[in-house]
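Please open the model in your viewer and keep the selection panel at hand. The tour begins with one definition, then moves from a single residue to the whole chain.

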Amino acid sequence: MTNETVLVLDFGGQYNQLIARRVRDAGVYSVVKPYQTPLEEIREGGYKGIIFTGGPNSVYEKESPRYQKEILELGIPVLGICYGAQLMASLAGGTVVSAKDAQGEVASEYGATVVRVDTSSVLFQGLDEDQQVWMSHTDYVALPPEGFRITAVSPHCPCAAMEDAERGLYAVQFHPEVMHSLKGQEMLRHFLFDVCGCSGDWRMDSFVDGAVQRIREQIGDEKVVCGLSGGVDSSVAAVMVAKAVGRQLTCIFVDHGLLRKNEGDMVEEMFTKNYDINFVRVDAADRFLDRLAGVSEPEQKRKIIGEEFIRVFEDEANKLGDVGYLVQGTIYPDVIESGSDKAAVIKSHHNVGGLPERMRFQLCEPLRDLFKDEVRRAGLELGLPYHMVWRQPFPGPGLAVRCIGALTRERLGILRDADAIFREEVVKAGLEKEVNQYFAVLTDMRSVGVMGDSRTYDYTIALRAVSTSDFMTADWARLPWDVLSVASSRIVNEVKGVNRVVYDITSKPPATIEWE
């Protein structure tokens, strides 16, 4: 292990990856492992600290995820968050109960809450006594274990934080990792640097150098192809592999007929003009659309597209000779949402859960452990132009997951035109750097309208714009009404087949950023 590392032990919480990101934001490398990870593996891992994540269960229920109490005796500092705090209390001999008031009604806390902290605790040193934090719990620690002291309280939680400083054991009932905990990052930094003794040696320049070396060692003298979409993930991966193995790499850009307006030409121009990379553009629109004809189920779309991508790469690789590796721009959220490490499958990403079981290639995925913001930083370290690094994210399955229902060339054309108008208006308003992702969705819903004194029965376009730093959680963007008004007016007037436009105001969770 080359970097100081903190282990995030996952007990099923919705913010588990966010915790890992916040640790990395502080300059400390983190890894996420499931709670079933054996104690001996943790003991030998050389970790500077351990963080127990939250989770939806109650520690006193039989089927709840637990761990053996010996993890608290390894001499490694531990921070428990929410369920992780309750688990620590339970393992150490404390009491966890359901939050009920005197009348027996549940008195759970959810949302922004003010807690009173003990500033003599290392976690809260230098902070004000009253702190706004984010609570999300029904159970709470009623009686801390022997040797622990209470270091924070709230109106409904008599033990909002506790610690056994001698053993390096700390617990908070709230979520310091979310932005609503205003000083949460400072609390995490106190744990990382003042408790765990980390020095903060996780830097993107060293990651890039190490990744390039690992790619050289993995690929050796083999030929390698890269599935290049033109998006930031595959672009960064391509340039990183090119730096490692040079002309052994051939980038294959598959124009699958599911791209945004004029996108294929733009990607080709961007790479052929800026990089000395073997670049092959494959026109596979008919091939993909024929296979997708009549398919409306989202998971089936993704799996068809994932398999067809591989088959196109195989066909092209046959023309290149003996190719041993396929480079993909897979990033950590792709892996998480595709059900890695026993997590629930939210949706199969075409480059993870959508891959066929049998392939002729070995995979090279240099960005697999990075979050989106880290990928962008890596891109800048590699010298990619700013406009490429901050280009609008676009899913691998393309417009297939933004065209609800069965795909046809006509429906894809409607979506392309509407999407181009919306994106153009956002840029005109100067909002492209403030909104992290914005696009149009063609729904499978038709409704009655009136245009030119005549009845219409046409499609509804949904507009989607979100603000996010990591794409694991996102909030809907509060675009100015005049921007939405102009975009809506232009779409219904310029795009044949559309008579209604709506705006999606749902966050992630409960929704995902894409509709399918």
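A residue is called buried when its relative accessible area is under 20%, exposed when over 50%, and partly exposed in between (1.4 Å probe, protein chains only). The model is predicted: local features need pLDDT of at least 70, side-chain atom pairs count only at pLDDT 80 or more, and totals for chains, interfaces and linings use all residues. Residues are numbered from 1 along each chain as its sequence is written, and side-chain values use heavy atoms, with hydrogens and water left out.

Select Arg260 first. With a relative accessible area of 6%, Arg260 is buried. Its place is the loop between strand S13 (249-255) and helix H7 (263-274); helices (H or I, at least four residues) and strands (E, at least two) are DSSP runs, numbered from the N terminus.

Then extend the selection to Arg391, Gln392, Pro393, Phe394, Leu399, Arg416, Asp419 and Arg423. Leaving aside neighbours within four places in sequence, these are the residues in contact with Arg260, where contact means heavy atoms within 4.5 Å.

Finally, display the entire protein. It comprises 14 helices and 20 strands. Its C-alpha atoms fill a box of roughly 70 × 65 × 40 Å along the principal axes. Of the 516 residues, 58% are buried.
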